[in-house]
Each structure stands twice: as C-alpha cells, then as structure tokens.
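Student: I would like to learn how to read a structure like this one. Can we go through it feature by feature?

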Amino acid sequence: PGTRQELLDRISQQLRPKRFHHVLRVEQTALELAAKNDVDLERASIAGLVHDYAKQRPDEDFIAAIKAYQLNPELLHYGNAIWHGVVGAELIKRELHIYDEDILNAVRHHTTGDVYMTPLEQVIYMADYIEPARDFPGVAEARQVTAKDLGAGVAFQAQHTLQYLIENGLPVYPKSLATYNAWVPRYQ
Ligand code: DGI
Ligand code: FE
Ligand code: FE
Ligand code: FE
C-alpha cells in the first residue's frame, strides 16, 4: 500500500462521487468508533476507505473472480449486494495489495456480518450502517445503541436487516441468518 492520497486516488477512480463521499463518511465514523473501542486507527481508516471499492464493478467482473479465485460457487446465486464485499475483498487484495486479513475480513463481512467478528469488523459493519448521511427509520436508535455498546449495535443491525430482507421477499444470504442467530438472542 502507499500513502493515503494514493489510496484515495485509486478509490475515486472506481466510484462515482456520491459513493466516494459515502466512503469518506464511513472512514470518519469508523475512526470515531475505533477510538472508543480500542481498535487500530490506521486499519479502521483503510478498511473504511476500501469497504465499497468494488461496489460499481459490472457483474461479469464478480462472476469471473468467483471462478478464477475458486470462491464458493453458491455465491453465483446472489448479486452485487453480496459480491461487492465478499468478492470485493479478493479484488482489493490483488489490485490494491492490501494483505491484512483483519481489513480484508472487515470488507468481506461489512454487508452480512458474521458469527465471529473482530472489533475492527464490528466497527466497519456499524460505521457503514450509521454514517451521518444514513437516513432510515431507526437510524437514530441504531446510533444510540452503537455508541453505548458496539456489540449491541451489531445485534441491532443484524435483526433489522433480516427483518427488511424478509419483509421485501429478498434472498437471505446464509451468513446474514448466521449473524442474526449468533448476535441477536445474546442481546435480548
Ligand atoms: O454498500 P452499502 O450500500 O454502503 O451497504 P451494504 O454493503 O451494507 O449493503 C446494504 C444492502 O445489502 C441493504 O440494502 C441490504 C442488503 N443485504 C444485506 N444482507 C443481505 C442483503 N441483500 C440480500 N439480498 N441478502 C442478504 O443477506
Ligand atoms: Fe457495501
Ligand atoms: Fe452495511
Ligand atoms: Fe458502504
């Protein structure tokens, strides 16, 4: 990896301005959550900046990467919502030469969560959900819960995301359900 500015240049070449600005807000929110939760600030910054690196890639790139890197073929049944994190992490490794597995896992799991998440993974999962421009019913409560207890924030998001997917008849990636089971009952 090079300097922060080099990383910003690479990311801004991949993303339209609106998405790029979301990424900057996620970085800032991740830095705040990291400071509060004893997470390494440089890792939080890098993971925040790269988390949506692959969001605007065409489906063909993801399908090719799933095959080339022999990722779970079940991934082919999903779409951009799942691919940009799980497959995006592989593209980040190869294209940006970021090899820190904690950062790569934070990207892999930022959409669905996971049963076990390191503090950095939790920080990125939550920063993406509550960055200041997020505006959905419940976001104020999500911010309050996360400020009090990062893990409780993870549980909140896992529950509300699963609820949203089911209410809208969307396919549930198995990891999203596993995240729900691992985190939600614990915090009731
Ligand atoms: O990339 P962002 O928009 O910043 O945020 P994200 O990567 O967290 O994506 C959020 C979207 O992903 C949200 O609309 C819900 C969707 N999502 C989360 N889990 C699943 C899912 N979509 C499907 N189909 N299945 C899932 O399990
Ligand atoms: Fe994302
Ligand atoms: Fe998210
Ligand atoms: Fe995001």
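Student: Are aspartate 52 and histidine 84 buried or exposed?

Tutor: Buried means under 20% relative accessible area, exposed over 50%, and partly exposed in between, with a 1.4 Å probe and protein chains only. Aspartate 52 is buried, and histidine 84 is buried too. As for conventions, this is a predicted model in which local features need pLDDT of at least 70 and side-chain atom pairs count only at pLDDT 80 or more, while totals for chains, interfaces and linings use all residues. Residues are numbered from 1 along each chain as its sequence is written, chains are lettered from A and ligands numbered from 1 in the order in which they are written, and side-chain values use heavy atoms, with hydrogens and water left out.

Student: Which residues coordinate the iron ion (ligand 2)?

Tutor: Donors are N, O and S atoms within 2.8 Å of the metal (3.2 Å for Na, K and Ca); water is not among the atoms, so sites may look incomplete. Here Asp52 (OD), His84 (NE2) and His110 (NE2) coordinate the iron ion (ligand 2) at 2.1 Å. Their spacing in sequence is D-x31-H-x25-H. Aspartate 52 is in the loop between helix H3 (41-50) and helix H4 (59-68), and histidine 84 is in helix H5 (residues 80-86), so this pair ties together parts 32 residues apart in sequence. Helices (H or I, at least four residues) are DSSP runs, numbered from the N terminus.

Student: How far apart are the iron ion (ligand 2) and the iron ion (ligand 3)?

Tutor: The two ions are 5.4 Å apart.

Student: Which side chains have an N or O atom by an oxygen atom of ligand 1?

Tutor: A polar contact is a pair of N or O atoms within 3.5 Å. For oxygen atoms of ligand 1, the distance is 3.1 Å to the side chain of histidine 22 and 2.9 Å to that of histidine 110. A polar side-chain atom of arginine 134 is 2.8 Å from an oxygen atom of ligand 1. Taken alone, ligand 1 exposes 580 Å², of which the protein buries 81%; such areas come from the Shrake-Rupley method with a 1.4 Å probe.

Terms used. Helices (H or I, at least four residues) and strands (E, at least two) are DSSP runs, numbered from the N terminus. A polar contact is a pair of N or O atoms within 3.5 Å; within protein, one must be able to donate a hydrogen and the other to accept it, and residues adjacent in sequence count only if both atoms are side-chain atoms.
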